Amino acid sequence: MASATTRAAETTRRAGLREWFGLAVLAMAALVIAIDTSVVLLALPSIAVELGGDASQQLWIVDAYGFALAGLLVAFGGLADRLGRRRMAMLGAATVAIASAVAAFAPSPDVLIAARALMGVGAAALTPALYGLLTGMFRDDRQRSVALGIFMTCLMGGMIIGPLVGGVALSSFWWGSVFLIAVPVMALVCAMLPFVVGEGVDNRGDGAGDGDGDGNGKEPRANPHRRRIDAVSVPLSLLAVLPIVFGLKESARVGIQWAPVVAIVLGACFLVAFVRRQQRLADDPHHEPLLDLSMFRRRGFSLVLVSLFLMTMLTGPLMMLNTQYFQLVAGADVLTAGLHTVPPAIVGVVGFVMMPLVARRIRPGFVIGAGLALTVVGLLVMAQISPSTGPWPLILGFSLVSFGAAPLPTLGTNLIIGSVPLEKASSAASTSETSGQLGYALGIAVLGSIVTAVYRSQMTTSSEPGTAAAGAVESLAGAVDLAVSTGDDVLRAASAAAYCSGVQASALVAAVIMAILAVVTAVRLRHIERFER
């Protein structure tokens, strides 16, 4: 057994050039995963024209990726810690590359939906493995915080620039080009990982590492004394998460109906069964739990997860709302709409890079709380939107939101991963990512419902001609289509005003909740020390 001095030396070992080059490879993979999440938003109209498909199929073209990603993160996080993170990362990258190629040349909506779901499976295998590898490469707290800042810049920034990438691709090529972006990048990731990234986890009697702690690239060695993976926990985790995600997404589409409610209740029942099984397995000498529930008892761990959930719920859907405004209210083409996302993306990148440096001088809890307070200001600026203002309140407001939101995922993820043993880093990261994915799905349902309710109410009570038409009342897109086909400028103006009122209401609701969250995080996380030894 290694001495305490040896373990301390391994924990504080500083990364060298190889690790920073390895970070570049991990960051490339993260960037593509994030772009794949949002790039399809601008491509959907072109896909609908070329492939057809009903409204339900078009919805699943967008949602299948996130559905599979959210549902499988916990399972793949636990498996990555046990079976090898580099192996899991390469498998995930290869799956994303193959599925992206299929999606680019899909002959029908059903094939495209299946390909998007397979892309989500690959991303679910890849994401927690990337976090685990990064944590193993950067053992020093200060270096790890900087590395995570760069990594999160790509992961979160990629979601913001996804519409821009889609706009550039669609302005020059066919709709499938938005998916082909992932193919060469993921191929390069598969080729480079064995040379620049070791497993990065010490062998501590569980067979999870290479045995010497030097990140030399060896795969995990077999250990006859380690506990086996519980075969029941993996499908049980899927049965817990997938119905909940499905129910949330369906609620966003059809409202509160019996089918999504039953799905959420069913998922909650399986979640209870999953948690109870993990509790029993904690004391099982032969089988290991897929998710170590003791992590949730660590100080700050659960609070950061809840905060990530709420922040993603309140800010994640804003990009979709902004994109609809740019195209349907402001009348921008796909490229111009994409260019409108550039200022928030740049500001967000600056925030992600700066926050680890700021946390060396100011306690992370205060940095996170101040950042969330700034998002409140951004949301209030977004609430000033109207057809007469143009897109600037959304661009400026979302830029403030992007900068203010940067501390929580950057510093919070570092707190989550840094609070658990190294061999459980991928599993911890998977809970963080799952929290964000569930928050985004719930945010689409909640904020989307607010926008829809306000829009329909205002359109129904409007005295303007044409506003009572079924298509106009149902959605902004329907109103714009009807207004364009009939040349009804009055209808278009009324629908634009109604949509802006919906955005205003959702931004104000989000601002109130975010203000409360800012105070709670600043108070409850104030004990976390600065990222400095």
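A residue is called buried if its relative accessible area is under 20%, exposed if that area is over 50%, and partly exposed in between (1.4 Å probe, protein chains only). Keep in mind that this is a predicted model, where local features need pLDDT of at least 70 and side-chain atom pairs count only at pLDDT 80 or more, while totals for chains, interfaces and linings use all residues. Residues are numbered from 1 along each chain as its sequence is written, and side-chain values use heavy atoms, with hydrogens and water left out.

**Stop 1: the whole protein**

Start with a cartoon view. The protein has 22 helices and two strands; helices (H or I, at least four residues) and strands (E, at least two) are DSSP runs, numbered from the N terminus. Of its 533 residues, 55% count as buried. Now think about contacts, meaning heavy atoms within 4.5 Å. Among those between residues at least 6 apart in sequence, 79% join residues at least 24 apart.

**Stop 2: two aromatic pairs**

Rings of Phe, Tyr and Trp (its six-membered ring) pair if their centres lie within 6.5 Å; planes under 30 degrees apart count as stacked, over 60 as edge-to-face and the rest as tilted. How many aromatic pairs does a search of the whole structure find? The search finds two. Select tyrosine 131 and phenylalanine 151: their edge-to-face pair is 5.1 Å centre to centre, with 65 degrees between the planes. Tyrosine 131 sits in helix α6 and phenylalanine 151 in helix α7 (residues 141-172), 20 residues apart. Are these two residues buried or exposed? Both tyrosine 131 and phenylalanine 151 are buried.

Next, select tyrosine 325 and phenylalanine 326. Their ring centres are 6.4 Å apart and their planes are at 80 degrees, so this pair is edge-to-face. Tyrosine 325 is buried, at a relative accessible area of 2%, and phenylalanine 326 is buried too, at 3%.

**Stop 3: the nonpolar core**

A nonpolar core is a set of buried Ala, Val, Leu, Ile, Met, Phe, Trp, Tyr and Cys residues joined through side-chain atoms within 4.5 Å. The largest one here has 146 residues, and those with the most contacts inside it include Leu26, Phe151 and Tyr499. Helix α4 (residues 55-83) gives this core its largest share, 15 residues. Select leucine 26: leaving aside neighbours within four places in sequence, its contacts include Leu130, Met137, Phe151 and Val197.

**Stop 4**

Threonine 127 is in helix α6 (residues 109-137) and is buried, with a relative accessible area of 3%. Not counting residues up to four places away in sequence, threonine 127 touches Ile33, Leu69, Leu73 and Glu433.

Move on to leucine 442 in helix α19 (residues 425-461). Leucine 442 is partly exposed, with a relative accessible area of 21%. With residues up to four places away left out, leucine 442 touches Leu248, Phe309 and Met313.

**Stop 5: helix α16**

Finish by selecting residues 364-382, which form the 19-residue helix α16. Its buried residues include Pro364, Ile368, Leu372 and Met382, and what covers the buried residues of α16 includes α12 (301-315), α17 (392-405) and α22 (489-524).

Notes: Expected span 1.5 Å × (residues − 1).
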